[in-house]
Amino acid sequence: MGKSLFGGVAKRFFLSALLTLSLLAPSCAIIRPVTHIYEEVGPAVYRLETGGGHCSSFHLGNGLVATAGHCVEGGDLIVHVGSRLKVKNPKVLVDDDQNDLAILLVPEVAAYPAAQLGSPPAIGTRLITIGFPGYWHTKTLDIGYVLGLGDYEGVPVVFGSGNVFPGESGGPVLDEQGWVVGVVSRISPRGMVFEGGAHLHRDVSIFISA
């Protein structure tokens with residue numbers, strides 16, 4: 001418990017990507033228009049059928065596709081890449097139940113657009129999620145803000161506002177520059193008690209932190 005998105009068994013799959021990002025990252029933060037972020041990252045977000053339902057997922061590059069760990073439990077998997085390509089039963093490289101993180105190997109998308117990994121955001125900054133809510137094949141986005149940073153059952157997380165619905169689990173959480181800062185995990189519909197005793201009586205989205 002207490003591992004980050006890049007901790008434990010998943011770490012080796014991210015090291016080369018993180019090295020690349022450290023070389024390419026801009027020297028100053030720029031708040032980008034949401035439409036630009038969606039146009040850039042949206043093509044890297046895929047619908048993931050899970051047998052009894054569906055989740056969201058996103059391409060990290062080199063055919064590695066990230067999603068939430070609970071999305072790969074039980075039933076056959078089908079990765080829907082747009083409307084034309086369906087990849088059945090991709091190999092599950094990582095199933096990290098403690099951190100609710102899974103990594104799939106989908107060689108068919110190795111050359112496709114990929115999301116870029118970033119660092120945990122600061123409290124109060126804007127968050128953007130992209131995923132597939134409901135039972136439609138429609139990709140949507142939502143905008144919220146970082147409400148708090150901490151842990152959920154021992155796992156580092158970002159607590160955020162904004163609407164996250166069933167089906168969006170496993171989708172990327174993006175910062176104001178369009179970098180991935182987490183993975184959609186779950187929602188707490190009865191609010192959240194933060195360190196120090198502050199209690200928010202509203203829905204709080206819970207994202208596994210990068």
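Reader: Among contacts between residues at least 6 apart in sequence, what share joins residues at least 24 apart?

Author: The model discussed here is predicted. Its contacts between residues at least 6 apart in sequence can be sorted by separation along the chain. The share that joins residues at least 24 apart is 63%.

Reader: How many helices and how many strands does the protein have, and what percentage of its residues count as buried?

Author: The secondary structure comprises 2 helices and 15 strands. The protein has 210 residues.

Reader: What is the mean pLDDT of the protein, and which stretches have a pLDDT below 50?

Author: The mean pLDDT is 80, and 77% of the residues reach 70 or more. One stretch below 50 has 29 contacts in the model beyond near neighbours in sequence, and it covers residues 1-9. Another stretch below 50 has 18 such contacts, and it covers residues 11-28.

Reader: Which strands pair with strand S4, and in what sense?

Author: Strand S4 covers residues 78-81 and is joined by 4 bridges to a strand at residues 85-88, in the antiparallel sense. Strand S4 also has 3 bridges to a strand at residues 45-49, again antiparallel. The partners are therefore, given that two strands pair if there are at least two bridges between them, S5 and S1.

Reader: Which residues stand opposite Val81, His80 and Glu49?

Author: Two of these positions face S5: Val81 is opposite Leu85, and His80 is opposite Lys86. Glu49 faces a residue of S4, namely Ile78.

Reader: Which residue in the hairpin of S4 and S5 takes a positive phi?

Author: The hairpin has 3 residues between its strands. A positive phi near 70° is found there, and the residue that takes it is Gly82.

Reader: Are the side chains of S4 that point either way buried or exposed?

Author: Ile78 and His80 point one way from S4. Val79 and Val81 point the other way. On both sides, these residues are buried.

Reader: Why does Ala115 count as buried, whereas Pro113 counts as partly exposed?

Author: Pro113 lies in the loop between S7 and S8, and Ala115 is found in the loop between S7 and S8 as well. Ala115 counts as buried because its relative accessibility is 3%, and buried means under 20%. Pro113 counts as partly exposed because its relative accessibility is 43%.

Reader: What C-alpha distances separate Pro113 from Phe58 and Ala115 from Pro43?

Author: Pro113 and Phe58 are 55 residues apart along the chain, and their C-alpha atoms are separated by 9.8 Å. Ala115 and Pro43 are 72 residues apart in sequence, and the C-alpha to C-alpha distance is 9.0 Å.

Reader: How many cavities of 30 Å³ or more does the structure contain, and what is the volume of the largest?

Author: A search of the whole structure finds 1 cavity of 30 Å³ or more. The largest cavity has a volume of about 40 Å³.

Reader: What is the volume of the second largest pocket, and which residues are closest to its centre?

Author: The second largest pocket has a volume of about 160 Å³. Its lining has 16 residues, and those closest to the centre are Asp97, Gln98, Asp100, Glu153 and Arg186.

Reader: Which elements give two or more residues to the lining of the second largest pocket?

Author: The lining of this pocket divides into 6 nonpolar, 5 polar and 5 charged residues. The elements that give two or more residues to the lining are strands S10 (155-160), S12 (180-188) and S15 (204-209).

How values were computed
Residues numbered from 1 in each chain as written. Heavy atoms only, no water. pLDDT = per-residue confidence, 0-100. Contact = heavy atoms within 4.5 Å. 1 Å grid on protein atoms, 1.4 Å probe; cavity = no way out; pocket = protein on both sides within 12 Å on 5 of 7 lines; lining within 4 Å. Points joined across faces, edges and corners; volume = space filled by probe spheres on them. Nonpolar A, V, L, I, M, F, W, Y, C, P; charged D, E, K, R; others polar. Buried < 20%, exposed > 50% of the residue type's maximum accessible area, 1.4 Å probe, protein only.
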